[in-house]
Amino acid sequence: MFPWNYGFVWNAGHIIFLGAFYAVLAVVATTVAWAVVRSERALHSGEVEAIRWHSDFESLPCSDQVCRHVLTGELRERQCRRAFCCGECETHARLLERNPLPRVEEPQEEICGMTFPLDRFYHRGHAWARLDRDGTVLVGLDELGTRLLGRPEALRLPRPGRRVHSNGTAFKVRRRNAKVRVMCPVDGKVVETGSAERGWYLRIKPDSKNVQAFQHLLRGAEIKPWILREMERLQLALTAEGAVPALADGGVPVADIAAAYPTADWDAVCGAMFLEG
Amino acid sequence: MTTTRRNLLKFVGGGAAGALLTPAPWRLITDTALWSENWPGIPRPARGEIRARFTHCTLCPAGCAVRARCVNGQPVSLTGVKPHPISHGALCPWGIAGHHLPYHPARVRQGPVKEALAAVARAMDQRSAGERVAVLDLRPGRTVSWTYRRAMAAIENGLYLAPRQPAYSIDLAAAETVVSFGAPLFDGWGTPGNVFAARGNFRLVQIEPVESRTAALADMWLPIRPGTETAMAAALGGETTIAEAARLTGVGEEAIGAVKEAAENGPAVVLAADPSSPLMSLNAKLRALGRTVVARREAPLPEAWKKAAPVTEMAAAPDGAIRVLLIDESLPGGYVPWQEIEPKLAANAVVVVFTSTTEGYARHARYVLPSPVYPEAAEDIGPAIDTVGEVFRIAAPLLAPVVPVVNPGEFVARIAGLPQSDPLRERADAIHQAGRGALLGYADGKSTPAKEVTADNFWKTLNQGGCWMDDTGKKAAPGKLEFIAAGEPPHDELPLMVVAAGGRRGGLAPPLMSKLERESNLRMAANRVALSPADARSNGIENGGRCLLETACGRLSVVATIDAGVPAGVVEVAAGPRIADLCGASPRARVVRA
Amino acid sequence: MTAQNQNRRAKRYGMSIDIDKCNGCGACMMACAVENNIPPLPEAANDRRGVTWIRVYKVDNHRPYPERRIAFVPVLCQQCGHDTPCVHVCPQQAVEVDPATGIVGQMPERCLGCRYCMVACPYHARYFNWWDPKWPAGMEKTLNPDVAPRMRGVVEKCNFCHGRWHAAQQKAAAAGKSEIDPADYVPACVEACPTGALRFGDLNDSSSQVAQDAERPESFRLLEKLGTEPKIHYRSQRGWVREIANAPRPEGKDEARG
Amino acid sequence: MLPGPKERMRLVDKEFIARGLRRSSTGRFLLWILPWAALLVFGLYAAALCLVKGLNQTNMDNRFAFGLWIFLDLTVIALGAGAFFTGFLLYILKIDELRAVINSAVVIGLVCYSGAVAVLAVDVGQPLRAWFTFWYPNVHSMLTEVTFCITCYLTVLFIEYLPIVLRNRKLREVPSFLVFEHELHKLIYVLAGVGTFLSFFHQGSLGGLYGVLRGRPFAFREGLAVWPSTFFLFILSAAAVGPSFILLTTWLVEKLARKQLVRPAVFRRLARISGLLLAVYVLAKAVDTLVWINRTSPETGFQAWQYYSWKPFGTWILFAEIVLFGLLPALVMLTPRLRAHTGWLVTAAAMACCGVALNRFVMTVQTLALPTLSFDPFLSYIPSWQEVGTFLAVVAYGVLVYSFSFRYFNLFPEERELRLEAAAQQEEEPALAGRY
């Protein structure tokens, strides 16, 4: 094994054989070491949240990775390869300048008996973000999200001062067997925490207030098609997760959907709706 | 720097990585390798001064000269003595591993010596007139045999019993044709070295139903129908026609003719498996007496020993008369089946056996006393059947007995009240006084006339490995040869003829015989039988299967081997006391499934 | 092997076996076991699990009685001289051919007991220690000091009594001779054979008895066609015995036999 | 009120099962595990006997120096080849369909290899010296090649298995696990490459193991460079049955779990690959056999018919090996019409696996059973219960590892999606139509 061991001869046989052996060992070791080093770096540079989102996103069914422009009908079909980070997506930019979002008059959308105010941005994980005058961003749960979780049995909010990341965890909610991570729409620092009663959960001091920071969020005319799509997904999830009876009342979700489907695997349903793996 | 878990891990990891760069771990691995090359629990051979010592093998009457390689006096291997004129440096498998015998796990390790003495004494006092005290000597012709005879002479009604000794010996070297009726010439007959040395000079005709080791190497093998040897002999002796013999024996006429012719012209000798078989009388017809069959001669004896009891055969002993029977089974020899002994015993007979094995008479005797085994015993060995002329050799002990043993000679001498003495020394002196012959020392290989050495040196040389031989040359015809006609086998219904496989000796076999008997199929282990495929099939016996060997005398559980070399109607048995007890009297048997 | 062996004329130790002389007594097997400290194995050991560096096979001509004839063939490691099957299969160099003597050496202390060499050996001359080496109480006193007993789970085989070779070497060295005296180096089996059927010597030395035996017309080697150049030369005058050198004929297909 | 221990166990168990995967209840799972665990314990006892008392516990002997263990090791390793080959197809040849089975393949590979190595450790007489092979390697020995490659590849498999484990729902909540899994997965193709290289060589050298036996004309083969033809035949056959075995196991798991795990297209793709390679193998094997019968064997003094005249190893074994279990399944898997039926697929795959098992059996057992010396007998050998037990331990171990992996890790990434699709179809049904 080593030149100083019994029976080692400097001949082709030994050199080729042991050479190959050590090469393999080296490659394997380097690979692992490299992975370790990189993860160390990731851990320290706080990319954990981003990575979690990315790996979650990868494990989403293709049908859930669909591009926002497919929702609006601009494209027939397109699967997002950027984990919904539209800021970096040139297709998104191109499409935006080709046909910018039409203005919507009403202050809010009424969809399936749910209200979605249009003065805010919506994350595809059903969190909304509203830029306040004082430059802070309020983060809350949209109505579909609220109805899915109904009256949360537990709520875990980050302490003020904690940094939160866009697509990272904003806060955690437990309902029945469902443990849900509600994803944060923006990067920033928590300045105040709210509650279900107050209608919002976090007040965040965003890292930047320019358009880029909100690029990946849905707004205005995009909301309706998106929510309709979400309703289909919900329907699908409910059927898949063994919900009986299926939506009886023509698809208008009740205030507390969870309560309406005692048999459904609520964890799975929420997982699907809140874009968790 | 604070010692957090992380830092600790870092430190340990770094340390490990660093250590790999030092020679320490590699050295450690190499040492582990070296260590694992010698696991504990394996005996280490003792080292020490290595010397060669000489003795004679007593495992059979051949008494081959032995050179023992000893470490600190402990023999570790045995070889023959090359220049020896009789044994020519040959040893048989048993002899080669003889030095293991003292440690045989099955050896008799203790016995009721005092009780035996007391019981014998009591019996001798209480015996009624006519009741006898007897010694059964399985290996007659030794010096201790004379002690027994003197002892029995000293005791009133003493009786010295021994299996019949041939009154002749065979001079193979003088023979050009050897006609052997199943004599295991190359497998335990006579002195191996002597036989193989002479092999070049004679043609061997082996007349035997089974192709034994001897038959395999014979110049001519006559596969004779079992039990028809007499007919063959008659034809060779010219009493019946060859055609008649051919009909009876199933051997081709021309073959018989050829043998007859060869036997008639040129010095020939006829041998039989049993030395006292009437087949031997054929020698007279072939004018072999005095040429190849000569008088058997023993080394000189002290005058004082002439007053000795005569040799009686078991058959000749009066029935129910033996009150005390002392059996010397210390050396393997001719085994007398128990069926022949039992009727001779008185009602409350005391039977004492001196032995090392529980297989033999120990199964029947009341007192079993441990005897020394080769190479523990100081013995001499009588002349073998193929030794021409007088010889005297001593088996000097190579090691002290490893268990407390009883010397049979001393025991008998004691009960007979013979004066304490060293018979071997006395005999040696007597031989020395005779002034004949020469003394061959093995250490230097020099042979010096007995006259030229002092009595002490004579004795010393004999004990350090040497033998006395009379000047050869003068050969005499043997006295009248008398034979026991083998009684007609009882005509029972038993279908198979029993044929003893050659080679195996009585007594303890060295543990290493497992190499020949179990770890290879070279030799038949004790209590094994071989059958022809036909007989095996007809009795539903499969190879290696357990079965029962039945004779008129009883039955024995044995393991069967199917051997295409065994003719139908024959069962080949591995010799051994149990088998001898079973088949000794009647040579017919049956093998049935167990 | 050491440098001084190197520069000396290489030997090619071999054996010649006269089958017509062998009476199958088994003295060679016993002597071998005694010399090489091979213990008697427990009752469970049979001829398929025994350890017998030299093993005498009883062979026959496959004819029915009374045409049937037997012969005894001692089989030991045939010390193959050309791409020795067992040497290049051993994963850890526990088997080596000593170029100075041509003897195929087995190092039990390096063997891990994978038994690949036994599979490779066409002569089944290699033996595995299925049991712990155990001698009857006291018998370990009779062990040969020149040979180390092997432990359970390793393979061993005939090495032409390497202990004796070593002793002869030392004797020669002590006497200041570079060559060992042939009389000083004879394997135990050869020494023990009472019939003189076994002979031992240097096949490279054309004057040696074995070299001449090997040249005899009736001389043959087992499975010679495998091309492994075994160094054990058998000989027999009997045709059917010479036949056994060749590949086996299944039962009932014996017409090819002499 | 606090949940009872049973309830708590159920909850913890649930925690570890990935979201939206339907798995049997904790109770039923335990019920399934129990018998296998029992078998494992029994097998471990048997193995311990062999280790403590020595190999006299087996029925192997000096002639049958290799027995059941080596035969099954060879088979298992051939079947485990699916791991490296699927990896190779997916990461190197970028056949993306196979992503659906890669995890399962890795687990199977891991099970097969680790099991085989474990048995080998019992099989050698001095296990504590096994590492000598690394310390004093004889680079000319096929066994050395096998040892080196298998140990290396086993390490690689462990590393490949790591991401699958770390992806577990509960474990990935630990940031460092999550991150490491993510980073390692990015480099997985390197490992796949190395794995392919290693497997290529050890599958080959396992064949070489027998092909080089000059002393065993039945096994001896000529070859290219240092490698006998069996070297390449083993690689081919292993690569051919690897996918078949994946197909077989996946199908089996689907049946046991009573749910669809992969798309039928994946089955067909696997079958096509398997069939293609099998066809090539059969061809090569046939040519090799002819060369062997007509040249190699006669040159060593053995006529091929001699080998096959000892019962039960008649020429039927050649036929079974090459035609029945080789050509036939190959044809089935290559015929689109037959391939369409899962029944045919699975049968063919099973036959292919049997074929390789038979080939390994012939190579190990028949080689040893046949006499070489004219005066030694044809031997047979029945493994002792300790041998069988030891191997059963490996089987049980495999089933356990796989069961746990299937329950807690996402072995079939498409499983969830397939369920959603099934649900979607359900919705199409008229009864539920026109809901909005």
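Two strands count as paired if DSSP finds at least two bridges between them, and strands (E, at least two residues) and helices (H or I, at least four) are DSSP runs numbered from the N terminus. All the views below come from a predicted model, in which local features need pLDDT of at least 70, side-chain atom pairs count only at pLDDT 80 or more, and totals for chains, interfaces and linings use all residues. Residues are numbered from 1 along each chain as its sequence is written, while chains are lettered from A and ligands numbered from 1 in the order in which they are written.

**View 1. An open sheet in chain A.** Six strands line up here in the order E3-E4-E5-E11-E10-E7, with antiparallel pairing. At the edges sit E3 (121-122) and E7 (163-164) of chain A, each pairing on one side only. Look next at E4 (residues 127-131) and E5 (residues 137-141) of chain A, which run antiparallel and are joined by 5 bridges. Within this pair, Trp128(A) stands opposite Gly140(A) in E5(A).

**View 2. Where chain B meets chain C.** Each chain brings 50 residues to this contact (residues are in contact if their C-beta atoms, placed from the backbone, lie within 7 Å). On the side of chain B, at least two residues each come from strand E3 (74-80) and from helices H3 (93-96), H6 (192-198), H7 (213-217) and H16 (514-517). E3(B) gives the most, with 5 residues. By class, this side of chain B has 29 nonpolar, 12 polar and 9 charged residues (Ala, Val, Leu, Ile, Met, Phe, Trp, Tyr, Cys and Pro count as nonpolar, Asp, Glu, Lys and Arg as charged, and the others, Gly among them, as polar).

**View 3. Domains 1 and 4 of chain B.** Domain 1 covers 50-103 and domain 4 covers 496-593, with bounds from an automatic or database domain assignment. Their C-alpha centres lie 30 Å apart. The contact takes 8 residues from domain 1 of chain B and 7 residues from domain 4 of chain B. Those from domain 1 divide into 6 nonpolar, 2 polar and no charged.

**View 4. Helix H1 of chain B.** How many of the 17 residues of H1(B) are buried? The number is 0, so H1(B) lies largely in the open (buried means that 20 or more other C-beta atoms lie within 10 Å of a residue's own, all placed from the backbone).

**View 5. Helix H9 of chain D.** Here 19 of the 24 residues are buried, leaving H9(D) mostly covered.

Note on methods: Contact = placed C-beta atoms within 7 Å. Expected span 1.5 Å × (residues − 1). Buried ≥ 20, exposed ≤ 12 C-beta atoms within 10 Å, placed from the backbone.
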